[in-house]
Amino acid sequence: MAAITLVSDLKPFKTMWKIRVKIIRLWKQYSAAGGLTIEMVLIDYNGVKINASVKKDLVNQFDSFLSQGSSNILINFSLNPSCGSYQTTIHPYIIGFLSTIRVRSCDDLPDALIGFEPVNCRDILNSTLNTDYLVDVIGQIVELTPIEVVSANGKETHKLTVELRNEKDERLPMVLWGNFATYERSVLNAYNVSDVELNPLTPEVEAFASLLPKDELALAIVEAKPLALTTGVGDKNDFLVEQCIVMCTIAAIESDMGWYYLSCKVCSKKVLNVPNDNIDEQGDEDEMGFHYYCVKCKVKNPRLMPRYKLHLVVLDNTGNSKFLLFDAIAMQILNHLCNELTGSNFEEMQDPEDILLALKDLVGKNYLFKIGIERLALRERIFSTRMALTRS
C-alpha cells in the first residue's frame, strides 16, 4: 500500500498525495459566485486539521461518498493557499477535490478526534486573536433574549442574543442567526455552517462544567437590544479592473508551489493525474501508480510538455505581493524553454526545494511588470465554527 502522508506535510507542488482523515464538519453552501458547494473540515490521526472543498460541478459526483463523522482515504487532490476571512483552520492550504480524486472508506479514526479546541474567553474580549480565523467557544448560557425576526439584506431572519460565562465568571456576548436562533441543526445555507451543541458528552465540556461556580445561577431572560443593519455592496462595486505598471524586486520563489506543470504537447492544456485502480494493492511504500490524461484531447498518457508556473514574492519600497508567471512571461525573464531546465526525464515534481540555479538567479533582480488588478466582492465562503454550550 502506498504511504500515507500527514496533513501537516501537504504542499501544493503536486497532486498525488494520499491521506487518511476524518470528516469532523461537513455542510453544503450556496453562493452567487461559486454555486452549491460541499465544504468540510478534515482531521488526521495527529489532530491536524485542514479545510476541503468540492466545487459545484463535482457535488453530484461525490455527495453520496461524504458524510460527517466518517473516515476516508483521499488520493490525488489539489492544494490551494488558504487566505482571507472565515478560515476554519490554521493550515496554510485548502484541499480542492478533483474529478479524478479517489475517496475510499477506511477504519474509523478515534472518536476522541473531534477537533474541538475552545479558546480563552479573555482572549476574545481583549481582541488578541486573529479575526481571520474562526474559533471554538465553550460557555454556560446565563442570559438570553427572546427570538426576534429582523430584516438583514432584504430578507427576514431569526436572531437570538445570548450571554455566556466561563469558569471565572467572565461574560461573553454571542449572537445566533437563522435556524441557530431556534436551535435547529441545519447546513443548508451560509448562516448554518456553525455547529452548536447543548450539553454535549465530551471530555472538554465535562471538564469545563466541573470548574463552573457553584452559585446555582438562574438563566436570565432580557429584552432584545436595537439592531443596526447595513446593506451589502452594490453591484457596480462588485467587479473593477485596472491595469498598471510596477517596478519591483524579486525577493523569493515559493518552492512549495513548484515551478512548472505538465501539459499536453498537442493542445497545451494541463494534464490530469489519474490514480490507477489497483493503487492500494501495490507493495511500494513510496510511489503511487497513476497515469496522465488530457481532458481536451481525451487521450490517456499524451505526449507531455513541461511549462513554467512561477510563484514569485516581489517587493518595492511600499510593500510586498505575490506574482504568478506562466510559461510565456517566465520565458521572457529566464531566456530558456521550460524543458531545457527540466531535461527529458521530467515527471510530477518530487522535491519542491530543488530550485534550479537559473531560477535562483532571479532573486534580487529588478523588473517592470504590467499587471491587471481585479477587485471582487467579498468572497461569500463562510466556514464553520463549533460552539459547545452548557445550559444552567
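This is a predicted model: local features need pLDDT of at least 70, side-chain atom pairs count only at pLDDT 80 or more; totals for chains, interfaces and linings use all residues.
Now step back into the helix itself. H4 runs over residues 327-334, and its buried residues are Asp-327, Ala-330, Ile-333 and Leu-334. Have a look at where these four point: they cover an arc of only 130 degrees around the axis, so they end up on the same side of H4.

Next, let's turn to a sheet. Three strands make an open sheet here, in the order S16-S17-S18, and their pairing is antiparallel. Strand S16 (272-275) and strand S18 (299-300) are at the edges with a single partner strand each, so one side of each has no neighbour in the sheet. Zoom in on S17, which spans residues 290-294: S17 and S18 pair in the antiparallel sense over two bridges.

Finally, let's visit the surface. Ile-245, Met-247 and Leu-368 together make a nonpolar patch of about 370 Å² there. One of these residues, Ile-245, sits in strand S14, which covers residues 239-253. Is Ile-245 buried or exposed? Its relative accessible area is 61%, and a residue counts as exposed when that value is over 50%, so Ile-245 is exposed.

Key: Residues are numbered from 1 along each chain as its sequence is written. Side-chain values use heavy atoms; hydrogens and water are left out. Buried means under 20% relative accessible area, exposed over 50%, partly exposed in between (1.4 Å probe, protein chains only). The arc is that of the directions from the helix axis to the C-beta atoms. Two strands pair if DSSP finds at least two bridges between them. Patches are made of residues with over 30% relative accessible area and no salt bridge: like charges are joined within 9 Å, nonpolar side chains (Val, Leu, Ile, Met, Phe, Trp, Tyr) within 5 Å. Accessible areas come from the Shrake-Rupley method with a 1.4 Å probe; for residues, only the protein chains shown count as cover. A salt bridge is a side-chain nitrogen of Lys or Arg within 4 Å of a carboxyl oxygen of Asp or Glu.
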